[in-house]
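Hi,

Here is the structure I promised to pass on. My notes on what turned up follow below it.

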Amino acid sequence: MHSAPPHVLTAGLTLLAILIAAIAMGLFRKPLDRVYITGGSSGLGRALAVELVRRGAHVTVVARDLRKLEETTAALKPLASPSQLISHISADLTSAESSEAALNDAVVAWGGKAPDHVYLCAGFSRPKFFVDMDAQHMKEGLDGVYWVSAYTAHAAVKRMVAQRVRGKIVFVSSFLGYTTFAGYTSYSPGKYALRGLADALRSEMLLHNISVHIFMSAGILGPGFDAENEHKPAITRKIEEGDKPDEPEVVMRAMISGIEKGHYQITNLLITDLIRVGAAGPVPGNGPLDFVYSLIGGIEIGDDLSPILPAPTAFAF
Ligand SMILES: NC(=O)C1=CN([C@@H]2O[C@H](COP(=O)(O)OP(=O)(O)OC[C@H]3O[C@@H](n4cnc5c(N)ncnc54)[C@H](OP(=O)(O)O)[C@@H]3O)[C@@H](O)[C@H]2O)C=CC1
Ligand SMILES: CCCCCCCCCCCCCCCC(=O)[C@@H](N)CO
């Protein structure tokens, strides 16, 4: 019977003690994800902030209204452990300068490190007939739907690539970024444009190990939806009866589940999938069911919405 000589035992025990101490000090722990959420003070963005704080990330939310932001971080902090950094930044993201400044502010808390997850949830919608709007309304549409995300994506990608941070950029477009109808002449252009940006960026970011996703959501209940409904033309309302909007938490789960499945274009409604397979272009699909969708989605409906509308179409303009 051989037993280990005492000096080997001592060395082994010392190594073990060092290992236990290192684990206790968190030396082998993966650093927490640094998450940047635009539009994080309301609706989908806020639901996402809550979820990602619960999952243990550092979370910074960005929006304009400081009061809503303060209220949001006050609700987030009790969900976080002491090591998680929770903060907010007030900025109007429709300008390139303030978008870059907001991101610069955010990274200070992370020791200058770029975010590894960027969620672009900010956006708004004011449905109106084209004939009734002025040039200012048209411009605000593109600013508040396209530029509000494009500038932040640009600032974030520059930092992430420079620092070789692998991560994710997630755009939030809409069902109305594939197809559209009366009432959305100031909204759909920006949501289509986001898809054009994301499609090209997805391809470029393969070179940098950054995955790009775009969420083509159906209706989301909440303050944004209430505001758009105040002035929504009756025909717009009527066409939308084909969609039952969901609570932000439900929509947020569909978005996260799409990301986890590795989907590039994420959907949360069957009609969106039918339209996606016809409209998506040269980007990855979501699996074998896409073929089935394309058979149904290929049926031409033109301007006759009767197969999908719940009632005969008598519109009050
Ligand atoms: N609601 C719906 O039915 C649908 C919505 N979407 C899209 O999903 C996203 C979330 O929608 P929803 O949950 O309704 O959002 P909400 O309207 O509830 O919240 C919008 C958020 O974006 C912020 N925001 C808006 N404009 C700016 C700006 N210029 N600069 C900085 N922050 C801004 C708002 O804060 P603040 O005003 O303080 O700046 C708020 O935090 C949007 O992009 C929307 O277009 C897609 C499909 C359906
Ligand atoms: C030409 C083809 C027409 C087919 C119509 C069928 C069903 C209607 C589904 C409408 C879903 C709208 C969800 C997105 C809403 C949105 O993004 C805004 N609420 C913005 O906030």
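Around ligand 2 there are 16 residues, and the closest are Ser 125, Ser 174, Phe 175, Gly 242 and Asp 243; a residue counts as near a molecule if its C-beta atom, placed from the backbone, lies within 6 Å of it. By type, the shell holds seven nonpolar, six polar and three charged residues. Here Ala, Val, Leu, Ile, Met, Phe, Trp, Tyr, Cys and Pro are nonpolar, Asp, Glu, Lys and Arg are charged, and the others, Gly among them, are polar.

Please keep in mind that this is a predicted model: local features need pLDDT of at least 70, side-chain atom pairs count only at pLDDT 80 or more, and totals for chains, interfaces and linings use all residues. Residues are numbered from 1 along each chain as its sequence is written, with chains lettered from A and ligands numbered from 1 in the order written.

Now to helix H4 (residues 96-109), where Ser 99, Ala 102, Leu 103 and Ala 106 are buried. Helices are DSSP runs (H or I, at least four residues), strands likewise (E, at least two), numbered from the N terminus. Buried means 20 or more other C-beta atoms within 10 Å of a residue's own, exposed 12 or fewer, and partly exposed in between, with C-beta atoms placed from the backbone. The buried residues of H4 fall within an arc of 95 degrees seen down its axis, so they line one face of the helix; the arc is that of the directions from the helix axis to the C-beta atoms. Exposed Glu 97 and Val 108 sit on the face turned away from that buried side. After H4 comes Gly 111, with a positive phi near 65 degrees.

Best wishes
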